[in-house]
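Dear colleague,

My notes on its salt bridges and on one helix pair follow it.

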Amino acid sequence: IELSNGILKKAYYPWMKDAFRLSLFSSARRQELPHIKWNDIHPNSETGELWGGVLMLQDIKITTIQKSRKVIIRPIEINMDLAEFLIEKGYSQHTGQDKYIIDPEETMKRETIKNILSNSFAHYISFVTTKATKLSFECLRKTWFTGCTKAVGLETASKMGGHKSPV
């Protein structure tokens, strides 16, 4: 990627595809995504399966807006897509670990990963021809809301997404 100041930056990292998929399946915002850990995942208490379990997502945006010292958690029900993704990424080997899902061995700061996600998504989506409004990383979250709203209704989807009222 060439930045406005002419500096070239890398647009691809091995964890990029996983980050995009995790955002699409979890409704995580770009600032929340790099912070998701394996121990944030809680399987269904009745069946022990991932599907129907809960991802305890840190709602960093709301925590920041409210200037809260306590981290606000937004529980996200684990749907089939998210469950399959987590299993594919090695859930059985990482169950309960205090280890990041997205590039756990990365040495860069989580804030840097957040910025890379935005810039890289913008770079790659620029190759897509569309007459619609400009697409951004936030569109992954909006796609999750659309599917969730169809499954559980607008009011429940809004609560799951961390909104006080229906969007």
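**Salt bridges and a helix contact**

In this predicted model, K89 and D18 form a salt bridge through their side chains, with an N to O distance of 2.9 Å. The two residues lie 71 positions apart and so join distant parts of the chain, K89 being in the loop between α3 and α4 (91-94) and D18 in helix α1. K89 is partly exposed, at 30% relative accessible area, whereas D18 is buried, at 15%.

A salt bridge also connects R74 with E32, where the closest N and O atoms are 2.8 Å apart. This pair too links distant parts of the chain: R74 belongs to strand β3 (residues 73-77), and E32, 42 residues away, to the loop between α1 and β1 (41-42). R74 is buried, with a relative accessible area of 2%, and E32 is likewise buried at 2%. R29, E32 and R74 are linked in a salt-bridge network.

D98 pairs with K37, the closest N and O atoms being 2.9 Å apart. D98 is exposed, with 57% relative accessible area. The count of salt bridges comes to 7.

Helix α1 (residues 16-26) and helix α3 (residues 80-88) have axes that come within 9 Å and cross at roughly 150°. Because of this, α1 is roughly antiparallel to α3. The crossing is left-handed. From α1, D18, R21, L22, F25 and S26 meet D81, L82, F85 and E88 of α3. The residues of this contact comprise 4 nonpolar, 1 polar and 4 charged.

With kind regards

Notes
Residues numbered from 1 in each chain as written. Predicted model: local features only at pLDDT ≥ 70, side-chain atom pairs only at ≥ 80, totals over all residues. Heavy atoms only, no water. Axes fitted to C-alpha atoms, helices over the stretch in contact; angles between N-to-C directions. Helix = DSSP H or I, 4+ residues; strand = E, 2+ residues; numbered from the N terminus. Parallel < 35°, antiparallel > 145°, perpendicular 65-115°, else oblique. Left-handed = near helix turned anticlockwise from the far one by under 90°. Contact = heavy atoms within 4.5 Å. Nonpolar A, V, L, I, M, F, W, Y, C, P; charged D, E, K, R; others polar. Salt bridge = Lys/Arg side-chain N within 4 Å of Asp/Glu carboxyl O. Buried < 20%, exposed > 50% of the residue type's maximum accessible area, 1.4 Å probe, protein only.
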